[in-house]
Amino acid sequence: MSDMLELVGLVVDLPGPGGAVRVVDGVSFDIPPATTVGLIGESGSGKTMTANAIIGLLPDGATTGGALCWRGDDLLRVDRRRRRRVRGREIAMIFQDPLAALNPTQTIARQVGEILRRDGLDRDEVRRRVVDLLDRAGIPEPARRLNNYPHEFSGGMRQRAMIALALAGNPALLLADEPTTALDVTVQARILRLLRTIQESEGLAMLLVSHDLRVVAHVAHQVVVMYAGRVAERGPTATVLRRPAHPYTRALVDSVPAIRTRTALAHPLPGTPATPANRPAGCAFHPRCPLARERCRTEQPAVRSVAPDHWTACHFAEEIADRV
Amino acid sequence: MIRVIVKRLLVGVLVMWGAASLIFLIVRVAPGDPATILLGPDADPAQIAELTTRLGLDQPKLTQYVHFLADVARFDFGESYRLGRPAMSEVLTRLPATAELMLTSTAIAVVFGVTLGLLAGARPGRMVDRVVSASTIALQSFPTFWVGIMLILVFALWLGVLPSADAGTPAHLVLPAVTLALPFTATVARLTRTSVAETMREPYIQTARSKGLTEPQVLLGHALRNSLIPVVTIVGLHMGGLMGGAVIVENVFAWPGLGSLIVDAVAGRDYEVVQAATFLIAGIVMLFNLVADLLYSRLDPRIKLDTVS
């Protein structure tokens with residue numbers, strides 16, 4: 001009964017016009033307790049589908065494979081009732097666009113307190129806890145904002161309300177899907193800081209899904225890099241960003257513009273991202289890879305360890321360091 | 001809130017003025033000299049001239065219009081020559097029966113329409129959805145008078161469980177109310193279905209699911225209210241349209257309401273009654289629209305009434 005979530009060869013197939021499309025293809029990694037794991041990749045890399053699979057909210061017709069080990073169960077095989085009880089109370093989720101993710105016709109208090117109300121707490125107790133939750137999420141004068149509607153909140157306040165909502169069920173694992181993408185740049189940093197503070201003070205495990213390396217660099221202890229539905233590289237954040245062991249990670253790091261120097265212009269990634277529906281044979285990254293050779297076109301690289309806790313899916317990872 | 005209602009009612013007065021003007025115009029554009037028609041083919045010219053003067057038809061159109069508006073403002077629509085009573089009071093005595101019929105039909109349509117629409121829209125493409133979608137198309141396609149006659153045939157003649165005509169007991173209400181409600185129910189069901197299916201794709205439905213709610217809890221707690229916003233508008237508009245259906249249904253079932261009164265009045269060239277009834281119906285339709293708008297802003301806190309009008 002460990003509070004560690006283990007993804008073991010997770011597979012997600014979505015129905016498509018030309019048959020099923022494998023959007024998540026054998027993804028394995030762990031989210032240890034009290035740890036933030038950053039899940040990074042371009043759009044279509046399968047990172048959001050991975051998060052949706054964990055909370056069990058995949059689109060109609062999706063099929064899954066592999067295993068999601070959580071507190072002694074495989075979440076892909078438990079009955080629907082247990083699966084539902086996990087949602088919100090053990091694993092909660094924060095969505096990308098807080099305005100769309102909040103119900104426009106219900107007050108903030110009603111939405112944040114819904115789990116508590118359905119658990120049978122009396123009105124005063126629910127109210128007291130909602131005020132406390134909003135306060136922890138950094139909403140000023142929470143008691144006065146209870147009867148506000150989402151459209152009466154600013155973007156940052158909405159995401160804070162969303163965070164309060166996710167914390168209401170007292171979860172052990174928080175999934176945050178691009179939690180700052182829809183927000184103003186000035187607000188993004190504050191929301192990230194809040195997430196980090198909450199993660200640390202409550203001892204939560206957190207999966208931070210993002211396309212933005214800088215977001216992950218600031219908050220995550222570990223990073224998982226995904227490309228075309230597969231894990232490209234994973235390891236401790238500092239190691240992965242400083243000594244990438246996959247050409248794709250390397251390219252991602254190089255594509256981030258450095259703000260303090262005028263000379264170091266970003267190197268954008270050449271080519272277009274592979275999509276799960278149109279995944280190249282062998283290593284999915286080979287058409288864009290500077291190291292690619294014949295073996296990469298035919299043989300899909302296995303995920304292998306290059307250092308303790310540092311894993312890569314590249315045949316020639318050892319050559320990356322030489323090519324600085 | 002009160003201020004908005006008062007403002008809307010003042011606008012309503014303007015609408016009613018427009019309605020009165022239209023009624024005035026249409027009655028006078030209709031072919032034939034009213035005095036000649038009223039007195040019939042056997043009347044002699046002296047009688048016609050006398051009635052023309054009495055009705056004020058010899059005066060200039062503008063004078064007639066001003067007199068007409070003054071009468072309308074006093075709710076005076078003249079006397080029905082057929083019934084020998086003030087037209088408006090005759091209309092008002094028939095109003096409760098029609099209101100009973102309309103409100104019952106609306107209640108049936110809303111309860112069954114929303115329920116069916118909710119069941120179908122929760123899972124688009126599934127069995128329930130296909131059955132509801134197909135049967136509502138059928139219901140919308142049958143003409144009202146035919147449905148009414150079929151219901152009389154089955155329930156009054158063959159089964160003998162319900163009376164086919166007249167009014168008085170709740171049993172008398174069943175067949176005409178159901179006849180009137182069937183196409184309305186279908187409209188509400190189809191609209192609710194589309195609206196629910198659309199709402200269920202909203203991100204906040206995923207949020208609700210991520211709280212560990214059951215699918216019925218998501219549907220009733222988060223999707224229903226938001227789906228009802230367009231439905232309320234259509235119900236409000238459709239209740240006005242129900243008057244048209246009531247005219248037919250009341251005649252099929254000999255229901256003593258406004259609809260049968262209007263048909264008799266039109267057939268008998270009883271202009272006073274036609275004008276009074278038309279004016280009253282216009283007022284009722286206007287009120288329903290106002291109520292729908294008020295409900296609209298109650299359902300969706302983002303809508304401010306001031307911007308709706």
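## The annotated domain

In chain A, residues 5-253 carry the annotation "domain: ABC transporter" in an unreviewed UniProt entry. UniProt positions follow the numbering used here, feature names are shortened, and annotations may be inferred rather than shown by experiment. Helices (H or I, at least four residues) and strands (E, at least two) are DSSP runs, numbered from the N terminus.

This is a predicted model, where local features need pLDDT of at least 70, side-chain atom pairs count only at pLDDT 80 or more, and totals for chains, interfaces and linings use all residues. Residues are numbered from 1 along each chain as its sequence is written, while chains are lettered from A and ligands numbered from 1 in the order in which they are written.

## Where the chains touch

The contact between the chains takes 22 residues from chain A and 17 residues from chain B; two residues are in contact if their C-beta atoms, placed from the backbone, lie within 7 Å. On the side of chain A that touches chain B, α2 (80-86), β6 (91-94), α3 (98-101) and α5 (114-118) each supply at least two residues.

By class, that side of chain A has 11 nonpolar, five polar and six charged residues. Here Ala, Val, Leu, Ile, Met, Phe, Trp, Tyr, Cys and Pro count as nonpolar, Asp, Glu, Lys and Arg as charged, and the others, Gly among them, as polar.

## Helix packing in chain B

Two packed helices are described by the angle between their axes and the distance between the axes. In chain B, the axes of α8 (residues 170-199) and α10 (residues 215-252) come within 9 Å and cross at roughly 155°. Axes are lines fitted to C-alpha atoms, for helices over the stretch in contact, and angles run from 0 to 180 degrees between N-to-C directions. α8(B) and α10(B) are therefore roughly antiparallel to each other (an angle over 145 degrees). The residues of this contact comprise 14 nonpolar, nine polar and no charged.

Helix α10(B) also packs against α5(B), at an angle of about 145° and with the axes 9 Å apart. Residues of α5(B) including B:T98, B:L101 and B:M102 meet residues of α10(B), among them B:L219, B:L224 and B:V231. The contact of α5(B) with α10(B) divides into 13 nonpolar, three polar and no charged residues.

## A glycine in α5 of chain B

B:G113 sits in helix α5 (residues 87-122) of chain B. Is B:G113 buried or exposed? B:G113 counts as buried, because it has 26 C-beta neighbours inside 10 Å (the cut-off is 20 or more other C-beta atoms; 12 or fewer is exposed, and in between is partly exposed).

Beyond neighbours within four places in sequence, B:G113 is in contact with B:T185, B:V188, B:A189 and B:T192. The C-alpha atom of B:G113 is separated by 16 Å from that of B:L219, 106 residues apart along the chain.

## Two positive phi values

Most residues other than glycine have a negative phi. A:N170, not a glycine, has a positive phi near 55°. A:N170 lies in the loop between α8 (155-167) and β7 (173-177) of chain A, and is partly exposed, with 15 other C-beta atoms within 10 Å.

B:F75 is not a glycine either, and has a positive phi of about 65°. B:F75 is found in the loop between α4 (61-73) and α5 of chain B, and is partly exposed, with 13 other C-beta atoms within 10 Å.

Notes. Parallel < 35°, antiparallel > 145°, perpendicular 65-115°, else oblique.
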